[in-house]
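Student: I would like to take a close look at a single part of this protein and to understand how that part sits within the whole.

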Amino acid sequence: MDFFQAFFLGILQGLTEFLPISSSGHLILVPAFFDWTDQGVGFDLSVHVGTLLAVVIYFRRDVFSITRDGLLSLSQRRMIGQGNLAWFLVIGTIPAGLAGLALLDMIDNELRAVEVMFFTTLIFGLLLGWADWRPNKGRTMDSLTWKDAVLVGCAQALALIPGTSRSGATITAGLFLGLSREAASRFSFLLAIPIITLASAVKLLDVASSNVIVDWSGFLVGGVTSFITAITAIHFFLKWLNTVGMWPYVLYRIALAGVIYAVLM
């Protein structure tokens, strides 16, 4: 992997991980479009670590208080502060974790087809637009229940299918449940932390147990660029959320589906 490829894919991962347009789909489609070789598990690990650091640092105050209150709630056997949110994040992570363990081979070998990504890009983009268009989206994070966490977690599990978008699926589910744009987005971003941590751990085990030689220069370039672009994307997504809504991303997904159909199918 040369410098430009690592730099470009790092930026791509950082931008698309938290915008509702599918990072996995872009990391499959772009190399296919330019006829690049597969970037390898070492590079995938680097960009996952970069995006994980970005979301943890950006929400560091929330992460600290949620972790603290969750541990206190567990030790004292009563809910303290944001202890309930800590449990909701755990509950919301379970469906994707189980689905990833059960269906990993199918996802890697059978669901990475261009035809699959065409339909997921289009259909889940339209669902995001419908959810954003519906009225009565005034619920805050304080109104979350364990049932909400399960449903959003199931949406996150669906996002294991390339082209779906983890943030897109979870934000869509939150909007359909009546959460405001800000509440749905913040819960989606916080929910990213445990699932990206698990994905990074799996990739780290793959690297450690394989004989693959890691391209450390590409690892560093990909990690740094994904971190910078991810933290920037989160900031401006939340800043412009109530002004632009979800429709720019919906229109982008529709256009991308058109490009996939015209060029790659």
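In which helix is the place of Ser-46?

Tutor: The model is a predicted one, and every value below is computed from it. Ser-46 has its place in helix H3, which covers residues 40–58. Ser-46 counts as buried because its relative accessible area is 1%, and the cut-off for buried is under 20%. Setting aside residues up to four places away in sequence, Ser-46 touches Gly-218, Phe-219, Gly-222, Gly-223 and Ser-226. Helix H10 comprises residues 216–239, and the numbers of these partners can be compared with that range.

Helix H1 runs over residues 3–18. Its 16 residues should span 22 Å at 1.5 Å a residue, and the C-alpha atoms at its ends are 24 Å apart, so the two values agree. Buried residues in H1 are Gln-5, Ala-6, Leu-9, Gly-10, Leu-12, Gln-13, Gly-14, Thr-16, Glu-17 and Phe-18. The buried residues of H1 pack against H3, and also against helix H2 (23–34), helix H8 (166–176), helix H9 (181–209) and helix H10.

Between H1 and H2 there is a loop, and Ser-22 lies in this loop. Although Ser-22 is not a glycine, its phi is positive, at about 80°. Ser-22 is buried because its relative accessible area is 1%, which falls under the 20% cut-off. Ser-165 is found in the loop between helix H7 (146–158) and H8. Ser-165 has a positive phi of about 85°, and it is not a glycine either. With a relative accessibility of 3%, Ser-165 counts as buried.

Helix H8, one of the partners of H1, contains Ala-173. Ala-173 is buried, with a relative accessible area of 14%. Apart from neighbours within four places in sequence, Ala-173 is in contact with Leu-151, Val-152 and Ala-155. The C-alpha atoms of Ala-173 and Leu-53 are separated by 25 Å, and the two residues are 120 apart along the chain.

These parts may now be set within the whole. The protein chain has 12 helices and zero strands. Its radius of gyration is 18 Å, close to the 18 Å that the globule rule gives for 265 residues, so the chain is as compact as a globular protein of that length. Along its principal axes, the C-alpha trace spans about 55 × 40 × 35 Å. Of the 265 residues, 48% count as buried, and Ser-46 is one of the buried residues. Where contacts join residues at least 6 apart in sequence, 82% of them link residues at least 24 apart.

The surface and the charges complete the description. The protein chain exposes about 13100 Å², of which carbon and sulfur atoms supply 69%. There are 16 positive and 17 negative side chains, and the centres of the two sets lie 15 Å apart.

Terms used. Residues are numbered from 1 along each chain as its sequence is written. This is a predicted model: local features need pLDDT of at least 70, side-chain atom pairs count only at pLDDT 80 or more; totals for chains, interfaces and linings use all residues. Side-chain values use heavy atoms; hydrogens and water are left out. Helices (H or I, at least four residues) and strands (E, at least two) are DSSP runs, numbered from the N terminus. The radius of gyration is taken over C-alpha atoms; the globule rule is 2.2 Å times the number of residues to the power 0.38. Buried means under 20% relative accessible area, exposed over 50%, partly exposed in between (1.4 Å probe, protein chains only). Contact means heavy atoms within 4.5 Å. Accessible areas come from the Shrake-Rupley method with a 1.4 Å probe; for residues, only the protein chains shown count as cover. Lys and Arg count as positive and Asp and Glu as negative; His and the chain ends are not counted. The place of a charge is taken as NZ of Lys, CZ of Arg, CG of Asp or CD of Glu. The expected span of a helix is 1.5 Å times one less than its number of residues.
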